[in-house]
Amino acid sequence: MGRTRQAVLIILYALMTVKAFEMEIIPANRVVAQIGETLVLTCNSTGCASPSFSWRTQMDNPLGGTVNNHRTYSTLTMNPVSIVNSHHYLCTVFCGEKEKKEKSIKVELYSFPSDPVIEISPSIVAGEPVTVLCKIPDVYPSDRLEVLLKKGEHVLHEENFYADGSTNTETKTVKYSFNPMAEDIGKEITCVAKLPIANMDFEPKERVASQKLNANFGPQNTIITASPGSSPMEGDHLKLTCVTESNPPPQIVWRKHLADESIQHLVENNVLSIPHARSTDSGLYICEVINLVTNKTEKATVDIVVQGAPSIAELSIEPSTTVQEGQNVSIQCSAESNPPPKIILRRKSDRADMGSYSDRRILLLPSVTFLNSGDYECVAENKFGKSKSEITLNVEYGPKNTMISVIPANTVKEGETVTMKCTSSGNPAPVISWKKKKATGESEKISKDATLIVQNIKSQDLGLYECEAYNQFGKEEKVVKLLVQGRLEKTDQMIPLIIAFSCVTAVAVPVAAIWIYVSRKAKINGSYSLVKALRLKV
């Protein structure tokens, strides 16, 4: 009995803690939204495990939005909000088949997105009548719009649109004309637009725009200021500023007067900035000021002279840096600087005699030879410094000064080795080859190297050897005669030598014997007479 009662109490407690089925709409009851923005309505449920949702308008009009259902809530998104969303919206939540709940929310709309726009036309010229237009863009509901036009603190005009029956956003315009007095120049015309809708909480409910009444004049008193001055140094930051008096602000155009009398358009700005001035930036600069309202134009000019050390603008060789011997050549140099530079154009050399030289901008070399090849330099100098530039002249020519050297000599003995070397100058470098004259008088090509080595010389190697130096501009030939001496190695050549040696030996032996005999006798007797000895022998 006790256990049964305890179980009943547990069940009753569990039933009491289960939440009842409820729902709500966020925001509740009423919402104010601006046309063109995004609005999200959320329908929440509690106390139901698997609710289902339904959205509709009170008059069954189209929803004008997108529904997204989730487990315990549903959303209706209007992006963007438009005039069709001005309704009562109902959300119905079903829990099972028997339980349902329903709530509604009213969507109220307005549109007041931006400040008024003031236009004063025609453009004001002192003493002429003026019309002021104040435009209020995309207003809703326009039948609540109130507009006030003021000049300074003085009210010029008031207007409302209470009788307007517009059902969508509209741009409303208020127009007012008057004759401004001289003292009105500089005063502000103000347009105040109000949208006072009772019981609608939104901000702002008042928007304001202002514009000054200005007389149009100018341009006049236009001048140019140059910083750091009209004669800057190379590398300076040069800034030219065009100053003028004009209303409305004018259009400003910078131009430069070029050496060929043409005009170069630079920028459309009141400041012309040259971060690193160079000599080429020297010239006459023109500031042109245009007032598009008064249709007047004024100009100012400044002459800029950029000072500095020279820079070589061009160093060239005509007709080309590579020419053929005999052509006429001119070397030209130009340099830029202020003050103008002195230019020297010369042949580079380590010798005291510099060779070709000119103190002008051009160096003429008529009928060049290979001796004119080499490096030429242009030197430009003024009081601020100097600069140099180099260029190379390459003169092409046929082979010259072809020579043959023979080591050890052009007369050698059989069995020896002879080296013949052929050298020649030319541009491009000549190709050298060797030929040998045959007994028939024809030439046979024997080598394509500059050095010809003949080893173990034989009698048949004697004769004329011809060196040929060749390039595309011509050829040159040199000849050397090689003579060969024979060696005495055969038997018939040795017989005369043997006979001569035998004769000399036959005489020399007796003479030597007599000399020995006389020497011994002299040692015994203290002296010796060869005559007496011969007599005794006889």
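**Entry 1: a four-stranded sheet**

I began with an open sheet of 4 strands, ordered S1-S3-S6-S5 and paired antiparallel. I let two strands count as paired if DSSP finds at least two bridges between them. As a reminder to myself, sheet strands pair through backbone hydrogen bonds, either parallel or antiparallel.

Which strands stand at the edges? They are S1 (22–26) and S5 (66–69); each has a single partner strand, so one side of each is left without a neighbour in the sheet. From one strand to the next, I noted an average twist of 15°. The angles are between N-to-C directions of axes, which are lines fitted to C-alpha atoms (for helices over the stretch in contact), and they run from 0 to 180 degrees.

I then followed the pairing of S1 with S3 (residues 39–46), which is antiparallel over 5 bridges. In that pairing, isoleucine 25 sits opposite cysteine 43 of S3.

**Entry 2: ground rules**

I am working on a predicted model, where local features need pLDDT of at least 70, side-chain atom pairs count only at pLDDT 80 or more, and totals for chains, interfaces and linings use all residues. Residues are numbered from 1 along each chain as its sequence is written, and side-chain values use heavy atoms, with hydrogens and water left out.

**Entry 3: a three-stranded sheet**

Next I looked up an open sheet of 3 strands, with the order S16-S17-S20 and antiparallel pairing. Its edge strands are S16 (217–227) and S20 (271–274), each pairing on one side only. Ignoring direction, neighbouring strands here are turned by 10° against each other on average.

Between S17 (residues 238–247) and S20, I found 4 bridges, and the two strands run antiparallel. One residue I checked was lysine 239, whose bridge partner in S20 is serine 273.

**Entry 4: salt bridges**

How many salt bridges does a search of the whole structure find? The search gives 16, where a salt bridge is a side-chain nitrogen of Lys or Arg within 4 Å of a carboxyl oxygen of Asp or Glu. For the burial of the partners I used relative accessible area: buried is under 20%, exposed is over 50%, and partly exposed is in between (1.4 Å probe, protein chains only).

Glutamate 108 and lysine 106 meet at 3.5 Å, N to O. Glutamate 108 is buried at 14%, while lysine 106 is partly exposed at 33%.

In the salt bridge of glutamate 170 and lysine 172, the closest N and O atoms are 2.4 Å apart. Here glutamate 170 is partly exposed at 31%, and lysine 172 is buried at 9%.

Glutamate 377 and arginine 346 form a salt bridge at 2.8 Å, N to O. Glutamate 377 lies in S29 (residues 374–382) and arginine 346 in S26 (residues 342–347), so this pair ties together parts that are 31 residues apart in sequence. Glutamate 377 is buried at 7%, and arginine 346 is partly exposed at 22%.

I also noted a network of salt bridges that links Lys435, Glu468, Lys475 and Glu477.

**Entry 5: disulfides**

My search of the whole structure turned up 6 disulfides, each a pair of cysteine sulfur atoms within 2.5 Å.

Cysteine 48 is joined to cysteine 95, S to S 2.1 Å. The link is right-handed, with 100° about the S-S bond. Cysteine 48 is in the loop between S3 and S4 (52–57), and cysteine 95 is in S7 (residues 88–95), 47 residues apart. Cysteine 48 is buried at 11%, and cysteine 95 is buried at 14%.

The sulfur atoms of cysteine 333 and cysteine 378 are 1.9 Å apart.

For cysteine 422 and cysteine 467, I noted sulfur atoms 1.8 Å apart. The torsion is about -65°, so this disulfide is left-handed. Cysteine 422 lies in S32 (residues 418–427) and cysteine 467 in S36 (residues 463–471), 45 residues apart. Cysteine 422 and cysteine 467 are both buried.

Last, I wrote down the pattern, counting bonded cysteines along the chain: 1-3, 2-4, 5-6, 7-8, 9-10, 11-12.
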